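Subject: Handing over the structure

Dear colleague,

I am passing this structure on to you, and the notes that follow it set out what was found. Please read them with the structure open beside you.

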Amino acid sequence: FKCIMKVKKTKLIALTFDDGPSIYTPIVLDALEKNDAKATFFVLGSRITDKTEKYIKRAEELGFEIGNHTYSHLRMSTSSLDKIQSEIVKTDKKIQSVIGKPTSIMRPPYGDFTVEAQKNIDKALVLWNVDTLDWKYLNTSHVVNHVLTNAKDGDIVLMHDIYKSTANAVETIIKGLQKKGYKLVTVSEL
């Protein structure tokens, strides 16, 4: 008896979107759904409203991942642990009211946190490898070119679904990465 196993190496990338949900989130969701790609959304509690909660619900239903990004985009290194925990809990409650469960991951705003905060937050802290600087350039072509030129296997790409220029770049990014053989997954799948 002989057993032969073939292993296919799949290149993986996680696209992540911070600071939403916003009016541009549906553009991102449409591009992901249309192209059979997944992503992770790090949402701000302050942006979860009666008008935007449906975007989070849709993302969850599509199998995308929802993460906590604090309530007010708090700079964790200059805030008290009580304030940080309060913002995370407040955001988790809003997320849970929409999707029925709290988050297991969070992204510290600005990628800025302290060792004390890290030790006292019961979530995986997720940073990134590729920063598109989409907030600085507000240019669709820049975002597309930056991702397609710099992203590699295992990377986590940082973007923001609050900018129309970024939302408009997503479908081209997905198609470009897929053409290079990448599978787009959530952070936890990565």
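A word on terms before the residues: helices (H or I, at least four residues) and strands (E, at least two) are DSSP runs, numbered from the N terminus. This is a predicted model, in which local features need pLDDT of at least 70 and side-chain atom pairs count only at pLDDT 80 or more, while totals for chains, interfaces and linings use all residues. Residues are numbered from 1 along each chain as its sequence is written, and side-chain values use heavy atoms, with hydrogens and water left out.

The chain as a whole

The chain contains seven helices and eight strands. Its radius of gyration, taken over C-alpha atoms, is 17 Å, close to the 16 Å that the globule rule (2.2 Å times the number of residues to the power 0.38) gives for 190 residues, so the chain is as compact as a globular protein of that length. The C-alpha trace spans about 55 × 50 × 30 Å along its principal axes. Of the 190 residues, 48% are buried, where buried means under 20% relative accessible area, exposed means over 50%, and partly exposed lies in between (1.4 Å probe, protein chains only).

The accessible surface comes to about 9,900 Å², and 50% of that surface belongs to carbon and sulfur atoms; accessible areas come from the Shrake-Rupley method with a 1.4 Å probe, and for residues only the protein chains shown count as cover. Taking contact to mean heavy atoms within 4.5 Å, residues 24 or more positions apart account for 77% of the contacts in the chain that have a separation of 6 or more.

Thr16 and its surroundings

Thr16 belongs to strand S1, which covers residues 11-18, and it is buried, with a relative accessible area of 0%. Its side chain makes a polar contact with the side chain of Arg107 at 2.9 Å; a polar contact is a pair of N or O atoms within 3.5 Å, where within protein one must be able to donate a hydrogen and the other to accept it, and residues adjacent in sequence count only if both atoms are side-chain atoms. The side chain of Thr16 also reaches the backbone oxygen of Val157, at 2.6 Å. Not counting residues up to four places away in sequence, Thr16 touches several others, among them Thr40, Phe42, Ile156 and Val187.

Backbone features worth a look

Most residues other than glycine have a negative phi, and most peptide bonds are trans. Against that background, Asp19 has a positive phi of about 80 degrees although it is not a glycine; Asp19 sits in the loop between S1 and H1 and is buried, at 9% relative accessible area. The loop between S1 and helix H1 (25-34) also holds Pro21, and the peptide bond from Gly20 to Pro21 is cis, with omega near 5 degrees. Thr70, likewise not a glycine, has a positive phi of about 75 degrees; Thr70 lies in the loop between strand S3 (65-68) and helix H3 (81-99), and it is buried, with a relative accessible area of 0%.

His160

His160 is placed in strand S7, residues 156-160, and is buried at a relative accessible area of 8%. The side chains of His160 and Asp134 are joined by a polar contact of 2.7 Å. Leaving aside neighbours within four places in sequence, the residues in contact with His160 include Phe17, Asp18, Asp19 and Trp135.

Two partly exposed residues

Lys94 is in helix H3 and, at 26% relative accessibility, counts as partly exposed. The side chain of Lys94 reaches the backbone oxygen of Gly45 at 3.3 Å, and, beyond its neighbours within four places in sequence, Lys94 is in contact with Gly45, Ile48 and Tyr71.

Gly111, in the loop between strand S4 (105-106) and helix H4 (115-120), is partly exposed as well, with a relative accessible area of 24%. Gly111 and Leu125 are 14 residues apart along the chain, and their C-alpha atoms are separated by 9.1 Å. With residues up to four places away in sequence not counted, Gly111 touches Leu127 and Trp128.
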